Amino acid sequence: MKDKVTLDRINLLHPRLRDEVIKMYDEIVAALTGSAICRFAYTLRTFAEQDGLYAQGRTKAGAKVTNAKGGQSYHNYGLAIDIVLLVDKDKNGTYETASWDIKTDFDGDGKADWMEIVAIFKRYGFEAGIDWKFVDAPHFQKSFGYSIKQLQDLFHSNKVDKNNYVLI
């Protein structure tokens, strides 16, 4: 099942990623045939939204959720995706439970649903946060070879399109 929220969030990604990610999402939907679907929880995040998340656990209540300030995340350039599984526990067509479970095989095909998604992202050349020393299992990014510093420089020198996406 395709998730409208995810489709809307794909449209927020950097224009260079959108067509590829739509194909990826079609593969993800086809791979998950059980009681879980994949939702893209975050794609593009503004610098201000990023600063708000950075403040969490520091100057705002809550646990720390990021080490990146505004402009220091690939999300800020539309080049990153965070996922979550939505699970229909009572099989009534309503996906009422969010899950970050990387081990459960909700569709009984012998492969954990989360890891099926990871494999699809990697096949398209995305870096997977599940592989990092500081594990961030929901996170995927595609930098096209650009460092955060290079993206910041492009942004601050106004090398952006009419919608404020950096020209890469």
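Student: Which residues line the second largest pocket?

Tutor: In this predicted model, the second largest pocket is lined by Leu44, Arg45, Thr46, Phe47, Asn76, Tyr77, Phe155, Asn163, Asn164, Tyr165 and Val166. About 180 Å³ of space lies in this pocket.

Student: Why is asparagine 76 called buried?

Tutor: The cut-off for buried is under 20% relative accessible area. Asparagine 76 has 8% relative accessibility, and therefore it counts as buried. This residue lies in the loop between H3 and S2.

Student: Is aspartate 82 buried or exposed, and what makes it so?

Tutor: Buried means under 20% and exposed means over 50%. With a relative accessibility of 12%, aspartate 82 therefore counts as buried. Aspartate 82 is found in strand S2.

Student: With which residues is aspartate 82 in contact, leaving aside its neighbours within four places in sequence?

Tutor: They are Arg39, Phe40, Ala41, Tyr42, Arg45, His75, Pro138 and His139. With arginine 45, the side chain of aspartate 82 makes a polar contact at 3.5 Å. Arginine 45 also belongs to the lining of the second largest pocket.

Student: What is known of the largest pocket?

Tutor: Its volume is about 570 Å³. Its lining has 26 residues, and Val65, Thr66, His75, Asp136 and His139 lie nearest the centre. The elements giving two or more residues to this lining are S1, helix H3 (47–55), strand S2 (80–87) and strand S5 (139–141). By class, the lining has 14 nonpolar, 8 polar and 4 charged residues.

Student: What makes a space a cavity rather than a pocket, and how many cavities of 30 Å³ or more does the structure hold?

Tutor: In a cavity a 1.4 Å probe fits but cannot get out, whereas a pocket is open. The structure holds 1 cavity of 30 Å³ or more, and about 40 Å³ of space lies in the largest cavity. Met1, Tyr25, Ile28, Val29, Leu32, Ala36, Ile37 and Cys38 line it. Helix H2 (15–31) and strand S1 (36–42) are the elements that give two or more residues to this lining. By class, its residues are 8 nonpolar, with no polar and no charged.

Student: Which residues of helix H4 are called buried?

Tutor: With the cut-off at under 20%, the buried residues of helix H4 (residues 113–123) are Asp113, Trp114, Glu116, Ile117, Val118, Ile120 and Phe121. An α-helix has 3.6 residues a turn, so residues three or four places apart point the same way. The cover over the buried residues of H4 includes H2, S1, S2, strand S3 (97–99), strand S4 (127–128) and S5.

Conventions:
Residues numbered from 1 in each chain as written. Predicted model: local features only at pLDDT ≥ 70, side-chain atom pairs only at ≥ 80, totals over all residues. Heavy atoms only, no water. 1 Å grid on protein atoms, 1.4 Å probe; cavity = no way out; pocket = protein on both sides within 12 Å on 5 of 7 lines; lining within 4 Å. Points joined across faces, edges and corners; volume = space filled by probe spheres on them. Helix = DSSP H or I, 4+ residues; strand = E, 2+ residues; numbered from the N terminus. Nonpolar A, V, L, I, M, F, W, Y, C, P; charged D, E, K, R; others polar. Buried < 20%, exposed > 50% of the residue type's maximum accessible area, 1.4 Å probe, protein only. Contact = heavy atoms within 4.5 Å. Polar contact = N/O pair within 3.5 Å; in protein donor to acceptor, adjacent residues only side chain to side chain.
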